[in-house]
Amino acid sequence: CGVFGIFNNADAAKHTALGLHALQHRGQEAAGIVSYDDTQFNAYRDAGHVGDIFSSPERMRRLEGHCAIGHNRYSTSGDTVIRNVQPLFAEMDFGGFAVAHNGNLTNARKLRRELVRRGSLFQSTTDTEVVIHLMATAPAHTVIERLIHALKQIEGAYSFTALTDSELIGVRDPLGVRPLVLGTLGDSYILASETCALDIIGADFVRDIEPGEMVVIDKEGLRSLRPFPRQRQRMCVFEYIYFSRPDSQIEGTSVYEARKRIGAELAREKETHADLVVPVPDSGVPAAIGYSNQANIPFELGIVRNHYVGRTFIEPTDSIRHLGVKLKHNANSALLRGKRVVLVDDSIVRGTTSAKIVNMVRQAGAAEVHMRIAAPPTRHPCFYGIDTPDESELLAARFDVDGMAEEIGCDTLAFISDDGLYRAMGYPKRNALQPQFCDACFTGEYPIRLTDQVEGESRQ
Ligand code: SF4
Ligand code: MG
């Protein structure tokens, strides 16, 4: 998901809509904005894309106020229904509270069971709602104390933006798995999942919110709180590989440059003789450029993407996912005929897209198809906010690399190694005892306890 927040701006909701538009790649199912206009909170949420939901001037006029938060949703927890669309909002004894969440809580089901037993009435099925009930029942006075009380009970990955009648709040989980950045625009403060959401409104990037940090922005300015003991950061490495936009900077690293370096490392790790390097667009493009430069094989756009179709992976149902692949890509046969092709993509999940693309490139007359993947094999699901399917559907959990090559139908298949990925990210290798990133979908080493998973299994 994508989150955004702005404090002290005459066009708070408009800037939020623009920020969400820049973060559209992080969630395309639904979006929402909550603003505060000094007397009341105003909210609008709907299914669909930001540009469609917030295009009506009438609707935007009603989102009055000088501060606002917004959210782009793609579901990693809870059904695709309107009452799950964020920001969530609750009237509490201290006033209104709105919250938008990127990530996934790994003990939300356990907490929900306990809260329900104590009388909490849930209105949605999202994991995020436990935060509101934990705050409502907290033995504390101020909003901030209540929020900290709630944060100390939740486990998982989260970047939150939250809004009260006097504060904009941003929080990152203690390991900093999901990104969150701080920016300014004149006298306004901004919080956003990625720097590309600052760029779109001409805001200046100030810094990343630190892992375990809470920032509270009010009329007096910005305060930084540290509710958690300091821990070593475990930023999601998949944000660099696929999820974030290539024009964003995360923790001082350009996502685009990181992808190019991963592509170069991939070429270094396994020499391949070929005539062309062709990216699977758009996600494979930066890695393919890095690969082509390193291997000294020409980069060509051998597959053309139709931009009027959303990301196939993110669409929630299988039928749409399959249709999407056919709608989305076409091979450039004039270029590919008779050629030995290196196909570069960012990752393989189910393998269905890859199999169709390889088949398409062969149909277009390619002599050989060598698939190179700018991530290690995705063998494990993500429980921290990226919507990977169940382990049983992951191609790399079902087959070894040769078996995967056979399933996909390519002549050879190679993935970047774990250490190669870390080298590309600027480390000598993966620190086996204390990895520098979360890489659990590749290694199976989950840095945050999976309470609901473990309890779920023991109940069955
Ligand atoms: Fe990112 Fe993978 Fe960790 Fe999920 S499991 S947070 S996708 S690195
Ligand atoms: Mg892709």
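Let's start inside the protein, with helix 5, whose buried residues are Glu129, Val130, Val131, Ile132, His133, Leu134 and Met135. Keep in mind as you look around that this is a predicted model. Helix 5 runs over residues 129-136, and seven of its eight residues are buried, so the rest of the structure largely encloses it. What does the covering? Among the elements lying over those buried residues are strand 5 (88-92), strand 6 (95-105), helix 4 (108-117) and helix 6 (143-151).

Now step back and take in the whole thing. The protein has 18 helices and 23 strands. Its radius of gyration is 22 Å, close to the 23 Å that the globule rule gives for 460 residues, so the protein is as compact as a globular protein of that length. Along the principal axes, the C-alpha atoms fill a box of roughly 70 × 50 × 40 Å. Of the 460 residues, 51% count as buried. If you take the contacts between residues at least 6 apart in sequence, 69% of them join residues at least 24 apart.

Setting aside neighbours within four places in sequence, Val342 is in contact with Thr272, Ala274, Leu276, Val277, Val278, Tyr291, Ile297, His370 and Arg372.

Next, find ligand 1. Which residues surround it? The list is Val177, Cys236, Val237, Phe238, Cys382, Tyr384, Ile386, Cys438, Asp439, Ala440 and Cys441. Helix 8 (237-243) and helix 17 (440-443) are the elements that give two or more residues to this shell. By class, the shell has ten nonpolar residues, no polar ones and one charged one.

His380 touches Ala440 and Cys441, along with Glu391 and Gly444, once residues up to four places away in sequence are left out. You'll find His380 in the loop between strand 21 (368-373) and helix 14 (395-398). His380 is partly exposed, with 19 other C-beta atoms within 10 Å. Gly338 is 42 residues away from His380 in sequence, and their C-alpha atoms are 37 Å apart. Compare that with Asp38 and Ser166, which are 128 residues apart along the chain but have C-alpha atoms separated by 8.5 Å. Asp38 sits in the loop between strand 2 (30-36) and strand 3 (41-47), and is exposed, with 10 other C-beta atoms within 10 Å.

Most residues other than glycine have a negative phi, and most peptide bonds are trans. Yet the bond from Gln86 to Pro87 is cis, with omega near 0°, and Pro87 lies in the loop between strand 4 (67-73) and strand 5. The bond from Pro281 to Asp282 is cis too, with omega near -10°; Asp282 is in the loop between strand 17 (276-279) and helix 10 (285-295). As for phi, Asn8 has a positive value near 70°, in the loop between strand 1 (2-7) and helix 1 (12-22). Asn296 has a positive phi of about 60°, and its loop runs between helix 10 and strand 18 (303-305). Are these two asparagines buried or exposed? Asn8 is partly exposed, with 18 other C-beta atoms within 10 Å, while Asn296 counts as exposed, with 8 C-beta neighbours inside 10 Å.

Terms used
Residues numbered from 1 in each chain as written. Chains lettered and ligands numbered in written order. Predicted model: local features only at pLDDT ≥ 70, side-chain atom pairs only at ≥ 80, totals over all residues. Helix = DSSP H or I, 4+ residues; strand = E, 2+ residues; numbered from the N terminus. Rg over C-alpha atoms; globule rule 2.2 N^0.38 Å. Buried ≥ 20, exposed ≤ 12 C-beta atoms within 10 Å, placed from the backbone. Contact = placed C-beta atoms within 7 Å. Near = placed C-beta within 6 Å. Nonpolar A, V, L, I, M, F, W, Y, C, P; charged D, E, K, R; others polar.
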